[in-house]
Amino acid sequence: MKRKTRTITVNGKKYVWWWGVYYDSTELYLSPEDDKTSVIRVDFTDKNISGQFNMSVIIRKDGTEKTVKIIEPAMSGLLLPYLQEQEMFITRKNIFIDGCDLLRKMGYEVIGIKKGLCW
């Protein structure tokens, strides 16, 4: 990714998203393009790792299983419609959400997490 942030349009509204990979977590940041003071940080943490980060989440819903990479647009596109519907974006507020819990609230069963090697 050449730019630090990327733009994605969901239901006609533009959002900025970016990600961070840290020692024990992979985080996805989402913010409306027209209100950068509202940020939702979706955290995929695993305290039982050494030299690896959470790269993908394996989820199942209605009998269909799929793997979604955390740091790619597919995850942002999956989460944003739900976050819009729940009206989670609030001006001048940063919200922290556990990623696996969020997916469960959306009706997905989290089957597993694929790891990637830190660089």
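Begin by selecting Asp-62, which sits in the loop between strand 5 and strand 6. The model on display is a predicted one. Asp-62 is not a glycine, yet its phi is positive, at about 55°. Most residues other than glycine have a negative phi. Asp-62 counts as exposed because its relative accessibility is 76%, where the cut-off for exposed is over 50%.

Strand 5 covers residues 52-61 and strand 6 covers residues 64-69; they pair in the antiparallel sense over six bridges. Together they form a hairpin with two residues between the strands.

Proceed to helix 1. The helix has 13 residues and reaches 19 Å from its first C-alpha to its last, close to the 18 Å expected at 1.5 Å a residue. Select Leu-79, where helix 1 bends by about 25°; a proline, Pro-81, follows within four residues. The buried residues of helix 1 are Met-75, Ser-76, Leu-78, Leu-79, Leu-80, Tyr-82, Leu-83 and Gln-84.

Just after helix 1, select Glu-87, which lies in the loop between helix 1 and strand 7. Glu-87 also has a positive phi, near 50°, and is a residue other than glycine. Glu-87 is exposed, with a relative accessible area of 66%.

Which residues touch the most other members of the largest nonpolar core? They are Met-75, Leu-79 and Leu-103, in a core of 28 residues. Elements that each supply at least two residues of this core include strand 1 (6-10), strand 2 (13-21), strand 4 (39-45), strand 7 (94-98) and helix 2 (99-105). Helix 1 gives the most, with six residues. In soluble globular proteins, nonpolar side chains tend to be buried together.

Select Leu-103 and display its surroundings. Apart from neighbours within four places in sequence, Leu-103 is in contact with Phe-44, Val-57, Ile-59, Leu-78, Leu-79, Tyr-108 and Val-110.

Is Glu-27 buried or exposed? Glu-27 counts as buried, because its relative accessibility is 7% and the cut-off for buried is under 20%. The side chain of Glu-27 makes a polar contact with the side chain of Tyr-29, at 2.5 Å. Leaving aside neighbours within four places in sequence, the residues in contact with Glu-27 are Trp-18, Trp-19, Gly-20, Tyr-22, Arg-41, Val-42 and Asp-43.

Terms used. Residues are numbered from 1 along each chain as its sequence is written. This is a predicted model: local features need pLDDT of at least 70, side-chain atom pairs count only at pLDDT 80 or more; totals for chains, interfaces and linings use all residues. Side-chain values use heavy atoms; hydrogens and water are left out. Two strands pair if DSSP finds at least two bridges between them. A nonpolar core is a set of buried Ala, Val, Leu, Ile, Met, Phe, Trp, Tyr and Cys residues joined through side-chain atoms within 4.5 Å. Buried means under 20% relative accessible area, exposed over 50%, partly exposed in between (1.4 Å probe, protein chains only). Contact means heavy atoms within 4.5 Å. A polar contact is a pair of N or O atoms within 3.5 Å; within protein, one must be able to donate a hydrogen and the other to accept it, and residues adjacent in sequence count only if both atoms are side-chain atoms. The expected span of a helix is 1.5 Å times one less than its number of residues. The bend at a residue is the angle between axes fitted to the seven residues ending there and the seven starting there.
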